[in-house]
Amino acid sequence: VTAVLMWAAARNEGRLSVLDFGGSLGTSYFQNRQFLTSLPDVRWSVVEQTHFVDFGRKHIQDERLVFYTTIAECVAEEKPDIVLLSSVLQYLEDPYAVLDELAQSEVEIILIDRTPFHEGNHDMVAVQNVPEEIYPASYPFWILSKKGLMNHLSKNFALVTETFSPEGFVSFGKDGFTFSGLVMKRRSNED
């Protein structure tokens with residue numbers, strides 16, 4: 001993630017404006033903050049659920065880290081050049097609707113991280129059970145078709161690189177899936 005953020009900033013003379021969709025209270029910002037201090041202009045915008053945004057605005061927000069409840073509000077205010085989707089697409093009711101909204105913005109780079117992908121042609125739905133020692137819960141969980149997602153984005157974005165996440169391969173059914181990431185760059189007229 002840090003390398004891609006710095007690459008995005010280098011492409012833009014040291015300016016970095018991040019739309020961190022589903023970014024909680026700025027976890028990824030705080031993980032990368034020590035590296036971002038060398039950049040002349042950083043704006044980190046978290047788009048989250050209302051209760052996170054309310055808390056973030058009241059207790060955490062500063063001149064670099066800001067909180068929004070919608071992609072549209074963030075894009076209108078911040079003009080982000082990179083979107084970070086870290087371990088979030090699999091929990092959305094309709095991940096493709098979010099990707100479509102992001103594709104309609106002027107964002108140049110989409111960084112998908114820590115997301116379950118499989119090699120089949122169709123997305124799958126599973127149930128994620130939280131270990132009892134953490135808290136008793138279960139969630140619906142998308143296992144996305146990597147080919148399907150890349151085809152969906154390919155009109156507007158080209159693959160730059162694929163990354164692998166620490167969770168690695170997970171056995172599931174007769175096959176399994178891999179937590180990984182994709183770095184996608186907006187296509188130019190020359191592509």
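**Helix packing and pockets**

A: Helix α1 (residues 2-10) packs against α2 at an angle of about 50°, and their axes are 10 Å apart. Axes are lines fitted to C-alpha atoms, for helices over the stretch in contact, with angles from 0 to 180 degrees between N-to-C directions. The model is predicted: local features need pLDDT of at least 70, side-chain atom pairs count only at pLDDT 80 or more, and totals for chains, interfaces and linings use all residues. Residues are numbered from 1 along each chain as its sequence is written, and side-chain values use heavy atoms, with hydrogens and water left out.

Q: Which residues make the contact of α1 and α2?
A: T2, L5 and M6 of α1 meet N32, F35 and L36 of α2, where contact means heavy atoms within 4.5 Å. By class, this contact of α1 with α2 has four nonpolar, two polar and no charged residues. Ala, Val, Leu, Ile, Met, Phe, Trp, Tyr, Cys and Pro count as nonpolar, Asp, Glu, Lys and Arg as charged, and the others, Gly among them, as polar.

Q: What about α5 and α6?
A: The axes of α5 (residues 95-104) and α6 (residues 146-153) come within 11 Å and cross at roughly 30°. The two helices are therefore roughly parallel, a term for angles under 35 degrees. In α5, Y96, L99 and D100 meet G148, L149, H152 and L153 of α6. That contact of α5 with α6 comprises four nonpolar, two polar and one charged residues.

Q: Changing topic: how much space lies in the largest pocket?
A: About 730 Å³, the volume being the space filled by probe spheres set on grid points, which are joined across faces, edges and corners. On a 1 Å grid over the protein atoms alone, a pocket is an open set of points where a 1.4 Å probe fits, with protein on both sides within 12 Å along at least five of seven lines; lining residues have an atom within 4 Å of a point.

Q: And what lines the largest pocket?
A: There are 28 lining residues, and G22, S24, E48, S86 and S87 lie nearest the centre. The largest share, four residues, comes from α2. By class, the lining has 11 nonpolar, 13 polar and four charged residues.

Q: Which residues line the second largest pocket?
A: V75, K79, P80, D81, S105, E106, V107 and E108 line the second largest pocket, which holds about 170 Å³ of space. Its lining divides into three nonpolar, one polar and four charged residues.

Notes: Angles under 35 degrees count as roughly parallel, over 145 as roughly antiparallel, 65 to 115 as roughly perpendicular and the rest as oblique.
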